Structures are given as C-alpha cells and as structure tokens.
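Reader: Hi! Could you walk me through this one while I have it open?
Author: Happy to, let's take a look together.

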Amino acid sequence: MKTLRDILYNVGIRAVQGNTDITINTLMIDSRSIGPGDAFIAVKGVHTDGHQYIDKAIAQGAAAIICETMPAVLLDNVTYIEVDNSAQASGIMAGNFYDNPSHKLQLVGVTGTNGKTTIATILFRLFTRLGYHCGLLSTVQNQIGDTVIPATHTTPDPISLNALLAKMVDEGCLYAFMEVSSHAIHQQRVAGLKFAGGIFSNITHDHLDYHKTFDEYIRVKKSFFDNLPASAFALTNLDDKRGMVMLQNTKARKATYSLRTLADFKGKILENNLTGLIMQVDDTEVHFRLIGEFNAYNLLAVYGAAVLLGKDKTSVLRALSDIQGAEGRFDYIVSAHDQIIAIVDYAHTPDALKNVLATIKNLRKGHEQVITVVGCGGDRDTAKRPVMAAVAADSSDRVIFTSDNPRSEDPDAIIREMEAGVPVHQKKRVISITDRKEAIKTALTLAGKEDIILVAGKGHEKYQEIKGVKHPFDDKQVLEEVMKLLDK
C-alpha cells in the first residue's frame, strides 16, 4: 500500500478535490473489481468509458477517483483527481504503485506487424540459455523463469503489466522481453515504463479497423521509438522501407540490421531448408534451427539486441544456433506414411501469409502440391480479407477458405468477402468449407505423398471464438488426429 500522493508522482494533474495523503490498497481500471480503499482510474476505452462507472466504483468503496472530467457531484469522503489523460496516468501510477519495476531490470520492447512474438520469445530463450533469470510478455504466454502465466492480450493493461514486472523483479529477473502492440502504444499501456531497448521488425497492412489509416498505424508505431530514453538502444530493420522512419526522432542509440545491405548487424542466407537456416552473420557462418527468410530477420534482430545489451557475439551465436522458435510460428509435423508436411502458422496478415508461402516455395523440390487452409477473423480489419485470399490463391495449388475466429460476425459472410479477392482464372483452385475441422480434413484428403499443407491464421491459439464463446480448437492437434484417422 502507498499514499495517493506518492502514487501520483509525475502524473499530469489539472485539479484535486480531497486529501491525497490517504493510503491506497490497490489500483483498478475495472469498476467490477473495486474494493474498499482502492483507487479507480476512469479510462476512456474503445468500447466503454470508465467515467460512466465512477458512481459504481464509489458504491463499492473506492477511496479515490482519477478522471479526465470531474463528476457533477463530489462526495466529501472521496478524493477526486482530474488528470490530462487517464490512460497515461494509469501507466505512470501503476509504475509508482509497484516501485517502478521497469527501472530495476533491462526491459526490451519489440514492435512491428510481424515477428514480435518470435523475436521476444527467442530473446527470452537466448538470455535464459546464457544464464540469466528472465521474464517474457508475449501474445502466446507470459513467463517468469520456468513459470508460465497465460496471456490474454499482446500487451497487458498497465496495472497488470507493472504487477507482472514487479513479480519478475521480486523473483530476481535481470531482463524482460515484451511485445509492444500498436494498440498498447496508442492506449498508453506502456506509459511510464523505462525501456533499455526497442526493436522494429517490419510494418505492413494490419489493424486498420482500429487505426483507420496506414499513416496513423505508422505514426503510432514510431511514437514508441520517439519516447525511448537516450540510455536505450533503437534497433531497426534496414530492409523495411519504413525502418529508418521509425528512428527519425528517437533519442536512443540507433542501430540497424539487414540481409540486403550494409548494416550494423549484417546477415546473408547461405542455405534455407527443412533442417533450418545456414547464415553468415557478420563474419561467422552459423546453422540455425529456424526456417525461412522471415526468421533470418528475426534471428538478426535478436542477435543485434543481444550485442547491444553487451553480450559476447560468439556466445550469442552459439546459443542461438540451438534455439527453436515460438509455438505456432512455422510449426510443422510430417505424417507417418505419406510424408505430408503440415505447417501451422499464425500468419493473419497478407504480408505474413505471403512470407510463409514464399518460404514454402523455397522448400519445395518441385513435385509437391501446396494446399493452403486460411480464414480471416471477425470484428477486425475487413479490408485485408480479399487481399489475404488473393495471396493464398496466387501462391498455392489448392486453397480452402474456412472460418478463423468469426467472433460476432457470420463466418459465411467473411468467406464471401475473401472469395471476392480471387481472380477469375484462379477460382477453380479455391473451395470454401466453413467448418475449420472439415476444411483441415479435406486438405489432408486432397494431399498426396510429400505434399505441403499450410493451416494459417491461428497458430498457437487453442480456441475458436464464435458469438462470444471460445470453443477448444487446436490446429496442430486436429492435423495430428486427422492424419491418424485417414492413415496418412
């Protein structure tokens, strides 16, 4: 517990009504969880405005209300703090409440459209292998050492985030690696955190349902680097045409990585096959267990970040050579009899799908069919649906459009929007099967010896969200079950 005065340090305050020397039990942004002596921060969200729940919070015992607009009626037994930005205030206050844990370890943030999970996960595994106790915050899972904590968002809310970081500090973590989503940046979920470094992977079409324009999406990503301190590093992908844009206004030390041109961390792919990548990294030839050009970029980003954090290059490359990628990222199994290669990947943007299919093309011997099973999520960026479909049809021999996480939308309607993106001359190679399990079964039925099946879009997810309910569904598990059923 801390006094409200201490918790408000560095917050942009416009007005105070009441006593700030009161003791606060905990901070809350969800009025349903408020208890006596808590502080309620009224945050304006995408779907709800916390200001509407101030009365409820007080009724449940809130001792302090932090808001952008004061209520019409102020009670004598409650302290009211009017702030410039409640979302930003929640991050700063959470940091103060938990003794600013991000100042007590080396926190590295990874942002970009694709690759965030893989880069953060490999950094965690690398530093663990180098002998450090580390923390991980990712889409797949949060982790403190060997303890796994299920993840609900790519980047948690600021109170949960600081609580997790505080736990990492308490358990002796020296490093923490986290994905930083564009939503989290825009919603100030990382406000008040001190980063030791930031990594930019790439930027492509995604989340335009939220950001509305691509320029706004870029601006939000860039603001993460704009706010890095001079003590941090800012590492960018020089081969992405907006890579250097990210670093234009940063105070951090600038560094670059590239497969195509001179950079601070230079890589070159020598071999790329199902046994992994052989790359020249700076002046050293290394065999990695990961596959594909996109993973070559991920590995370079990890290598560069580790060196910028002061680690020995040779030790880093030796450890990296034996590390596997994140679950659901080019995760593949081979059937027992027909040697069908079935790949599960989280690719849910046109560029990510294109990269995975390009990697598959490079792995082909030439005789195999490529069969892609893909859908698009409901209540998300609708503009990418026909584009995803066109990419799949252009780079596959057969395509099966199916349901992803339709959420509140009609899955058949989503599929129709995808079908609109397929050129007339490619329509013969496309079929639509709404039931995802049936779609996967059909793909395996159509597959012959050594064919390649890509099941894209859900990756690590162990559910399918339909009408607000998350039903158990695991692409990899379904593939294994159907392979056995069909004796493939």
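**Rings, burial and overall build**

Author: Let me start with Phe224: its relative accessibility is 5%, so Phe224 counts as buried. Keep in mind that this is a predicted model.

Reader: Thanks! How many aromatic pairs does a search of the whole structure find?
Author: The search turns up 11 aromatic pairs. In one of them, Phe200 and Phe225, the ring centres are 6.5 Å apart and the planes sit at 80°, so this pair is edge-to-face.

Reader: Where do Phe200 and Phe225 sit in the chain?
Author: Phe200 is in strand S13 (residues 197-200), while Phe225 is in helix H8 (residues 214-226). They are 25 residues apart, and the pair links distant parts of the chain.

Reader: Are those two buried or exposed?
Author: Phe200 and Phe225 are both buried. For Phe225 the relative accessible area is 0%.

Reader: Back to Phe224, then: how are the rings of Phe224 and Phe225 arranged?
Author: Their centres are 5.2 Å apart with the planes at 75°, so Phe224 and Phe225 form an edge-to-face pair.

Reader: Nice. Which residues do ring pairs link into a cluster?
Author: That cluster is made up of Phe127, Tyr132, Tyr175 and Phe177.

Reader: Let me switch to Ala176. Which strand is it found in?
Author: Ala176 belongs to strand S12, which covers residues 175-179. Its relative accessibility is 0%, so Ala176 counts as buried.

Reader: And what does Ala176 touch?
Author: Leaving aside residues up to four places away in sequence, Ala176 touches Leu105, Gln106, Leu107, Val108, Gly135, Leu165 and Met168.

Reader: How far is Ala176 from Pro36?
Author: Going C-alpha to C-alpha, Ala176 and Pro36 are 33 Å apart in space, and 140 residues separate them in sequence.

Reader: Okay, zooming out: how many helices and strands are there?
Author: The protein chain has 15 helices and 26 strands. Its C-alpha trace spans about 75 × 55 × 40 Å along the principal axes.

Methods: Residues are numbered from 1 along each chain as its sequence is written. This is a predicted model: local features need pLDDT of at least 70, side-chain atom pairs count only at pLDDT 80 or more; totals for chains, interfaces and linings use all residues. Side-chain values use heavy atoms; hydrogens and water are left out. Helices (H or I, at least four residues) and strands (E, at least two) are DSSP runs, numbered from the N terminus. Rings of Phe, Tyr and Trp (its six-membered ring) pair if their centres lie within 6.5 Å; planes under 30 degrees apart count as stacked, over 60 as edge-to-face and the rest as tilted. Buried means under 20% relative accessible area, exposed over 50%, partly exposed in between (1.4 Å probe, protein chains only). Contact means heavy atoms within 4.5 Å.
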